[in-house]
Structure formats: structure tokens, C-alpha cells
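Dear colleague,

I am handing over the structure below, and after it you will find an account of what was found in it. Please read the two side by side.

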Amino acid sequence: MKAFSLENSAALVTGSSQGIGFAAAMALREAGAKTVFHGLQARPENIPADSAYVQTDLTQEDGPARLVAAAFAAQPALDTLMCNAGSFFDTPFLDMTRDRWERTFRLNVSATYFIAQEFARRLVAAKRGGSIVITTSTNGLQAEGDSTAYDTSKGALVMLIRSLAVSLAGHGIRVNGIAPGVIRTPLTSVWMESRADDLLGHYQKKILLGRVGTPEDCAGAVVFLSSPAASYITGEIIVIDGGLTVHQIGQM
């Protein structure tokens, strides 16, 4: 169906060297978009040879501007942005430090804000519309133990999605989000492997579909929100959690 085609689009996906970002970037490519990948480390081998890759530390003050400039240099027709880069630096609340708190917000919130701003400025100057998809989390909707900074940052992204949708609608730029639940990525696999017998088992019982998600489970929603099929959708967040947040008690 042409409504889901991105053949005439070009996309930048932040944090796309692995995990959800990589799966989404590959799905955008499959839908036809010329995709620019991004990561903190040097170019990984898994990035397709015909796609641009930008290495940038988004916690640096000039990181967002440098990333967007490099992405537009590689693909001047960029009209799609997925702000996916983020991480978890929490300790229990009583042990939380200002450095960890500020590191969380520099990457998860500030980088997202200023990347979106740089991207939108270029689209507005070119008088063309586009789409922004921001990765928040079910942690932005429901709190989790020992996750105060991460939860707060993801909650901030929930409001950022709505606020940017208001600010950019008049310029023809749609802004939406995805809120993944428990997804197996390189970041989450650390605790999943160490707690497979208790915590992971608990989540699998709580998730209505009976399994932890994969990055590919998130990719389809990103393609949809970026495509003409979602041309009348802005300010919305798709929860991708297998039903985790639907059932109050979970399976016994």
C-alpha cells in the first residue's frame, strides 16, 4: 500500500547502531527511506554500506547541531527524524548523584530537544513538512523502582512530544512518539540474563502476550508514524508493550 511507502523520504535515526534504533532505521530503509544512522562509537559493521553513519556524542553541548548538520550533508532531503538515543544511569534514589541526574537529562531530554529544534529549523527554512518520532517509554507513564531519573526523563519526553506537536503543526511537521515496554536490547539484556529466574519471569507473566518484546516489535510503529498513512496523526504516543500496562494484576 503506497500510504505506507517512504520511497521519497530521507530519515535520520539517533541511537541507531543497535537495539530499537537500529531496528527502526532498518525498517525505514525497507520502506524506501534513505536513512542516516547514528551512534556514539565508530561505525559498526552492521550498518549497511550504502547508508551514511554519523558518530557523535550527544551529551556534548554542540553534539545535536553537529549531528544534524552532518546528516543533512549526507541526505539534504531529510524530512524524517527519529529521536531514539537515550540510556539509563540510575542508582537507588537515596544514592542518586547530581552528575547521574544531569547526565540522564543531557542525553535523554536535552539532546532530543535540540536535535528536534535543529531539524525543524532546516525544514521550516526549506518550507517543507516532515515527521518527528520520539522514543519515550512506559516508564514515562508508570514509575519503576530505583529509576527516578530515567522515569522523570521519559515523562518529560511524553510532554515534549505533545508540546512540539503544538509548536510545529503550523509548519507541517508532525510529532509523535512510541513508548516501548520491556524490550530485549543490549542495554536491558544485562539485567534480563542475571535475573532470568525471578524478575524476567515476573514480567513474562505480567505481559499479556506472554513474552518480552524485541526491537523489531517497535519498528513497524515508527514506519507507520513516519509515513503518509499517519498524515492526520500528531501529538500521539503508541504504547508497544505486549499489554504490560493494560492488566493491573498480571497472570498468576
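**The sheet and its surroundings**

Val13 stands opposite Met82 in strand 4, where strands are DSSP runs of E with at least two residues and helices are DSSP runs of H or I with at least four residues, both numbered from the N terminus. This is a predicted model, in which local features need pLDDT of at least 70 and side-chain atom pairs count only at pLDDT 80 or more, while totals for chains, interfaces and linings use all residues. Residues are numbered from 1 along each chain as its sequence is written, and side-chain values use heavy atoms, with hydrogens and water left out.

Strand 1 (residues 10–13) and strand 4 (residues 80–83) run parallel and are joined by 3 bridges; two strands pair if DSSP finds at least two bridges between them. They belong to an open sheet of 7 strands with parallel pairing, in the order 3-2-1-4-5-6-7. Strand 3 (52–55) and strand 7 stand at the edges with a single partner strand each, so one side of each is left without a neighbour in the sheet.

**The cysteines**

The count comes to 0 disulfides, a disulfide being a pair of cysteine sulfur atoms within 2.5 Å.
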